[in-house]
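Hi,

Here is the structure I promised to pass on.

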Amino acid sequence: MLVSQILKDKGDLVFTASPQETVGAAAALLHTRRVGAMVVVDDKEAVVGILSERDIVRVIAKEGASALSKPISGCMTSSVVFAQPDESIDVLLERMTDRRIRHLPVVKGERLAGIISIGDLVKYKISETQAEADGLKAYIAAG
């Protein structure tokens, strides 16, 4: 299964924030939107980073509550790893595991096309594996 197929089912909605947004405001948005990460974009909509719950926890552990009033540009991950719509689940699971990341923005050309989480990939991988098992059971039963 390809990323493009997952995005067709899941949708292409991506929550974004500006680098000037405060850590506290971003944390509140993550909570209310019930997501684990937001893509950080500049005023031209170019991706400049990704902010995850993990980034927020790290900056608060390091700087204390005062970190909540600082801009997310100071704690976001600026070396963003991307996914392409034509990549497979297996390739992305390996990439995410190797780099210890849980979210991949999906880009098509220069445009942000969606975001994929490790949970999305695991869900579809389990579904794919179950379909294969069911197919094998049906084949064996027919044989």
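To start with H2: which residues are exposed on the other side of this helix? They are His31 and Thr32, where exposed means over 50% relative accessible area, buried means under 20%, and partly exposed is in between (1.4 Å probe, protein chains only).

Before the rest, some housekeeping. This is a predicted model, in which local features need pLDDT of at least 70, side-chain atom pairs count only at pLDDT 80 or more, and totals for chains, interfaces and linings use all residues. Residues are numbered from 1 along each chain as its sequence is written, and side-chain values use heavy atoms, with hydrogens and water left out.

Now the overall picture. The chain has five helices and five strands, in the order α-β-α-β-β-α-α-β-β-α along the sequence. Helices (H or I, at least four residues) and strands (E, at least two) are DSSP runs, numbered from the N terminus. The C-alpha trace spans about 65 × 30 × 25 Å along its principal axes. Of the 143 residues, 34% are buried. Taking contacts (heavy atoms within 4.5 Å) between residues at least 6 apart in sequence, 54% join residues at least 24 apart. The accessible surface is about 8700 Å², with 55% of it belonging to carbon and sulfur atoms; that area comes from the Shrake-Rupley method with a 1.4 Å probe, and for residues only the protein chains shown count as cover.

Back to H2, which covers residues 23–33. Its buried residues are Val23, Ala26 and Leu30. They sit on the same side of H2, because they cover an arc of only 65 degrees around the axis (the arc is that of the directions from the helix axis to the C-beta atoms). These buried residues pack against strand E2 (37–41), strand E3 (47–52) and helix H3 (53–63). Arg34 follows H2 and has a positive phi, near 60 degrees.

E2 and E3 belong to an open sheet of three strands, ordered E1-E2-E3 with mixed pairing; two strands pair if DSSP finds at least two bridges between them. E1 (16–17) and E3 are the edge strands, each pairing on one side only. E1 and E2 are parallel, over two bridges, whereas E2 and E3 run antiparallel and are joined by five bridges.

Just after H4, Arg100 takes a positive phi of about 55 degrees.

Is Ser117 buried or exposed? Ser117 counts as buried because its relative accessible area is 16%. Leaving out residues up to four places away in sequence, Ser117 touches Lys10, Met96, Arg102 and His103.

Cheers
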